[in-house]
Amino acid sequence: MSDIKKVCVIGAGYLGTQIGLTCARNGYDVHLYDISREALDISEGKIGEYLEEWVKADDITTESSQRIRDRIYFADNLEETAKANIVIEAVVEDLEVKRSVFKELETIFSPETIIATNSSSIRVSKIEKGMDHPERVLNMHFYSYPWRTRIVEIMKGKHTADGVVKKAVEFSRSINVTPLMVQKESTGFIFNRIWRAIKKETLTVVDDKIASHEDVDRAWMSLYGTTAGPFGMMDRVGLDVVRDIELVYYNESGDPKDLPPKILLEKINKGELGVKTGKGFYDYPDPSYSDPDWLHG
């Protein structure tokens, strides 16, 4: 195990919960913090579901499941988390919100504590503005189900110390995820920069009425053998999150072509955000694409 012993995850949402659980599964004591008690309760429920799935799949024993659960603490008071050696922020994809969170974290945690953002598109150099210790901040971008995808993208800010990057790499390996190094600052890092081009084009194809979102996903799933296509994957992420990521690119470029496509905004305006609201491009919890016969129309 790395020098890091205690982990704090800020934001107990979809990915924050999964990151915290991955750390606990690999022996770390984890504080999952959120300002919302409701979010913490939902997170605790999801962790129970994941652990139950692992036990049923014989990935872990019932005894291991309990030990993992006992390593996770749910906190709505940030002071309770102050002894963490690394903090991973996983709040909403909004630059000003993240800046506010980072400034608060700096008042709670010692200068030796690593502070990472799990942002899926925002460079940490944009978040670190005004911090007293920008040398200890960096991007650590995890993907959904880290115990399955097992990668994290690591990127320095303008002032990140090499020693901090080294510790982040060691920590990543200790939780069984492979660190992918972003060698210079890049909005969207590695994969999301590529995925963004695919996502944008699939939305445009449907927005321009070239094809239905179902047929786009059928093509993708048939050719690549995946369990979901681009629209199913966007539903999983959350269409509001997809919009926020698109706005990051637009705010950097100012190019109207980078604005979120109309079809995406229409869904959001209806409150159809994907899996978390029960409806997005598909209906949940049983989306049509989960039926094997669906691929054949």
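1. The protein is divided into domain 1 (6-182) and domain 2 (193-290), with bounds that come from an automatic or database domain assignment. The C-alpha centres of domain 1 and domain 2 are 26 Å apart. This is a predicted model, in which local features need pLDDT of at least 70 and side-chain atom pairs count only at pLDDT 80 or more, while totals for chains, interfaces and linings use all residues. Residues are numbered from 1 along each chain as its sequence is written, and side-chain values use heavy atoms, with hydrogens and water left out.

2. Between domain 1 and domain 2, about 560 Å² is buried, 59% of it on carbon and sulfur atoms. In domain 1, the residues that lose the most area to domain 2 are Tyr 14, Glu 93 and Ser 121, together 55% of what that side buries. Buried area here is the accessible area (1.4 Å probe) that two parts lose on being put together, summed over both. In terms of contact (heavy atoms within 4.5 Å), 8 residues of domain 1 meet 5 residues of domain 2.

3. How many salt bridges are counted between domain 1 and domain 2? The count is 1, where a salt bridge is a side-chain nitrogen of Lys or Arg within 4 Å of a carboxyl oxygen of Asp or Glu. The side chains of Glu 252 and Arg 123 form a salt bridge at 2.9 Å, N to O. A network of salt bridges links Arg 123, Lys 158, Glu 185 and Glu 252.

4. Lys 98 counts as buried because its relative accessibility is 1%, and Glu 89 counts as buried at 0%. The classes are buried (under 20% relative accessible area), exposed (over 50%) and partly exposed (in between), with a 1.4 Å probe and protein chains only.

5. A salt bridge also joins the side chains of Lys 56 and Glu 52, at 3.2 Å, N to O. Both Lys 56 and Glu 52 lie in helix α2, 4 residues apart, about one turn of the helix. Lys 56 is exposed, with 65% relative accessibility, whereas Glu 52 is partly exposed at 44%. In the pair Asp 244 and Arg 243, the closest N and O atoms are 3.1 Å apart. Asp 244 counts as buried at 15% relative accessibility, and Arg 243 is partly exposed at 23%.

6. Helix α3 (residues 62-70) has Ser 64, Ser 65 and Ile 68 as its buried residues. Seen down the axis of α3, these residues fall within an arc of 105°, so they line one face of the helix; the arc is that of the directions from the helix axis to the C-beta atoms. Thr 62 and Glu 63, on the other side of α3, are exposed. The cover over the buried residues of α3 includes α1 (14-25), α2 (37-56) and β3 (72-75). Helices (H or I, at least four residues) and strands (E, at least two) are DSSP runs, numbered from the N terminus.

7. Where is Thr 227 placed? Thr 227 sits in the loop between α9 (213-224) and α10 (230-237), and it counts as exposed because its relative accessibility is 59%. Leaving aside neighbours within four places in sequence, Thr 227 is in contact with Met 221, Arg 236 and Tyr 289. Thr 227 and Asp 217 are 10 residues apart in sequence and 9.8 Å apart in space, C-alpha to C-alpha.
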